[in-house]
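Good morning, and thank you for coming.

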Amino acid sequence: MKVLYSRVSTAEQNEERQLQNTEGFDYVFVDKCSGSIPLFDRPKGSQIKEMLDNKQVKHIEIHSIDRIGRNTVDVLQNWQYFTELGVRVVCRNPNLTNFKADGSPDEVSAMIISILSIMASYEKSQIRQRQLEGVALAKQRGVYRGRKVNTTESKDKFILKPRNQKILHYLNSGYTFDEISKILKCSYSTIHKVKKVNTELSLN
């Protein structure tokens, strides 16, 4: 199946600009929500995920590359996800695709994506550096508060953390560890711990 996907931030925005040349598509999906919401958490995005799980999608087309992610890192992870599934992604602006019409990799697009990946990695390292600098300054001022030595976090407190609740939501929705790790940028060990703690609490 060929799918055309569009997203606008509000219900008042007109998506018509993104929906040119819709002939030949089996489905045209339009999400009207904030771009901060992960692609597969969006109403139409979740439908696309279900179709991907059922191996029904072979081609997905978007108006611009930022339609499939919240930021550069998220976009690249979703791009890689589609590529690993063998789904052809066509971006109209800029003109990018992971596979040519004959199924062979598109070298020019791969080069551009590689550059974006390097930029995203640098952006991520800069954010981490600023976080470390902030912690160091807080320690100097005596205001930094970490967990006390030899203290443990209760299971109830752990499972109620916002990110862990999201992990639990994805687990209950049938997402794999690999998919959850990519969406939430968390480690497999964290996902396993959430699953283990939730099971233990359910048995109590």
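Reading from the N terminus, the order of elements in the protein is β-β-α-β-α-β-β-α-α-α-α-α. That makes seven helices and five strands; helices (H or I, at least four residues) and strands (E, at least two) are DSSP runs, numbered from the N terminus.

A word on conventions. This is a predicted model, in which local features need pLDDT of at least 70 and side-chain atom pairs count only at pLDDT 80 or more, while totals for chains, interfaces and linings use all residues. Residues are numbered from 1 along each chain as its sequence is written, and side-chain values use heavy atoms, with hydrogens and water left out.

I begin with overall figures. The protein has 204 residues, and 37% of them are buried. Here buried means under 20% relative accessible area, exposed means over 50%, and partly exposed lies in between, with a 1.4 Å probe and protein chains only. The accessible surface is about 12700 Å², and carbon and sulfur atoms account for 52% of it; these areas come from the Shrake-Rupley method with a 1.4 Å probe, and for residues only the protein chains shown count as cover. Of the contacts between residues at least 6 apart in sequence, 55% join residues at least 24 apart, where contact means heavy atoms within 4.5 Å.

Next, the strands. Strand β1, residues 2-8, is mostly covered, with six of its seven residues buried. Which strands does β1 run parallel to? One is β2, residues 27-32, joined to β1 by six bridges; another is β3, joined to β1 by four bridges. Strands pair if DSSP finds at least two bridges between them. As individual examples, V8 has K32 in β2 as its bridge partner, and L4 has E61 in β3.

I turn now to the backbone. Most residues other than glycine have a negative phi, and most peptide bonds are trans. Against that background, K55 has a positive phi of about 60° although it is not a glycine. K55 sits in the loop between α1 (43-53) and β3 (59-64), and it counts as exposed because its relative accessibility is 69%. The C-alpha atoms of K55 and G86 are separated by 9.8 Å, with the two residues 31 apart along the chain.

K185 belongs to the loop between α6 (177-184) and α7 (188-203). With a relative accessibility of 31%, K185 counts as partly exposed.

Where is the cis peptide bond that joins N93 and P94 in the chain? P94 lies in the loop between β4 (88-93) and β5 (96-97), and the omega of the bond is about 0°.

Six of the eight residues of α6 are buried, so α6 is largely enclosed by the rest of the structure. The buried residues are E179, I180, S181, K182, I183 and L184.

That brings me to the cavities. On a 1 Å grid over the protein atoms alone, a cavity is a set of points where a 1.4 Å probe fits but cannot get out, and lining residues have an atom within 4 Å of a point. Grid points are joined across faces, edges and corners, and a volume is the space filled by probe spheres set on the points. How many cavities of 30 Å³ or more are there? The count is two.

The largest cavity has a volume of about 80 Å³. Its lining consists of F40, K49, D74, Q77, N78, Y81, E179, K182 and I183. By type, the lining has three nonpolar, two polar and four charged residues. Ala, Val, Leu, Ile, Met, Phe, Trp, Tyr, Cys and Pro count as nonpolar, Asp, Glu, Lys and Arg as charged, and the others, Gly among them, as polar.

The second largest cavity has a volume of about 40 Å³. It is lined by P38, L39, F40, R70, D74, N78 and I183, of which four are nonpolar, one is polar and two are charged.

Thank you; I welcome your comments.

Technical notes. 1 Å grid on protein atoms, 1.4 Å probe; cavity = no way out; pocket = protein on both sides within 12 Å on 5 of 7 lines; lining within 4 Å.
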